[in-house]
Amino acid sequence: MADLSLSAATLALWAAAGVTPATQAEVARIAAAAGAPLAPNYVTFLKTYGFPAWPEGSDSGFVSDLGPGTILAMLDPASVERSQAFVPADHLPVASDYSGHGFVTLRLREPDSGSVWYVGDEGDPGWIAPDFASFLTGLTPDAESLPAERDRGTPVEDTQTGFTLARETRDAWAAYGTGATPEPPDELAAIEDALGRPLPEALRTFLTTFGYVTFFGDAFATFDLPPGAGQPYDFVSVIYSTAVLMRSLPDAKGAPLPFASTALPEGSLLIGMTEEDEGRIYWRGTDTGAPVPVSPDLRTFLANLFTLRNDDG
């Protein structure tokens with residue numbers, strides 16, 4: 001593998017995880033999304049390492065003009081395309097950050113084409129490095145930039161539905177115009193007709209109470225991943241509307257139903273649909289094979305979402 005000034009610890013972890021280079025077609029798809037030439041050192045990275053995550057123990061900390069951050073994973077072509085709406089038009093999102101709501105980007109236009117920036121919740125970019133190779137060289141152990149304490153916000157139980165949610169999460173949903181519009185009953189019925197069975201009770205209750213929701217802004221959305229996932233955490237991004245659920249129906253009868261997307265590339269949450277695993281919550285990531293369990297049920301899963309905080313808040 002080419003030397004792009006990555007630390008030995010990071011390279012060893014990637015070697016153990018079996019990282020694979022990006023294909024020419026994948027690089028071409030990202031170039032098409034950019035609509036401009038890609039920085040050569042970024043292309044070299046893709047053709048050498050592909051789209052890895054920075055697992056615990058790797059050097060993943062960086063500093064931007066907006067403050068410290070932690071790179072989480074490189075974005076594959078589909079994730080690049082989906083994330084372009086959240087960064088300025090002259091920036092290309094190339095990696096997600098630890099918060100699940102920010103992106104490491106490359107500037108596409110002169111005078112500083114190829115420079116590396118961080119775009120957070122507010123959408124304004126903060127400068128990190130003059131080019132992607134310098135960004136990689138500057139990555140440091142993340143111990144100082146990763147927060148340590150699990151904060152679950154201000155949990156409030158909805159006694160009618162049994163869901164416990166952080167007040168800050170409800171506020172974040174509202175800021176994006178979600179969380180207060182139940183999904184249409186006829187569309188839910190159409191999904192159940194297609195499945196040949198009712199939706200699991202907790203998911204149906206959630207959708208008929210809150211509807212489609214977006215976990216951005218100050219939402220508490222972090223959850224633990226199982227060993228072997230290549231990363232200790234992932235972050236809920238969106239719980240699907242009925243329109244997306246209909247497009248996500250599993251091919252095999254009884255297979256878990258994808259009902260939410262996550263921050264890791266191609267990450268998703270699924271809910272069990274058989275008598276043996278009714279309502280159990282699973283996670284599936286890129287190339288992870290079968291879904292792996294992360295929670296016994298949806299209410300427990302949502303109640304345990306957290307955000308990691310520094311000691312100074």
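1. Strand 5 (residues 116–119) and strand 6 run antiparallel and are joined by four bridges, and within this pair Val119 has Pro125 of strand 6 as its bridge partner. Strands here are DSSP runs of E with at least two residues, and helices are runs of H or I with at least four, both numbered from the N terminus. The model is a predicted one, in which local features need pLDDT of at least 70 and side-chain atom pairs count only at pLDDT 80 or more, while totals for chains, interfaces and linings use all residues. Residues are numbered from 1 along each chain as its sequence is written, and side-chain values use heavy atoms, with hydrogens and water left out.

2. Ser268 belongs to strand 15 (residues 268–271). This serine is buried, with a relative accessible area of 9%, where buried means under 20%, exposed over 50% and partly exposed in between, for a 1.4 Å probe and protein chains only. Leaving aside neighbours within four places in sequence, Ser268 is in contact with Ala260, Ser261, Thr262, Tyr282, Trp283 and Arg284, contact being heavy atoms within 4.5 Å.

Terms used. Two strands pair if DSSP finds at least two bridges between them.
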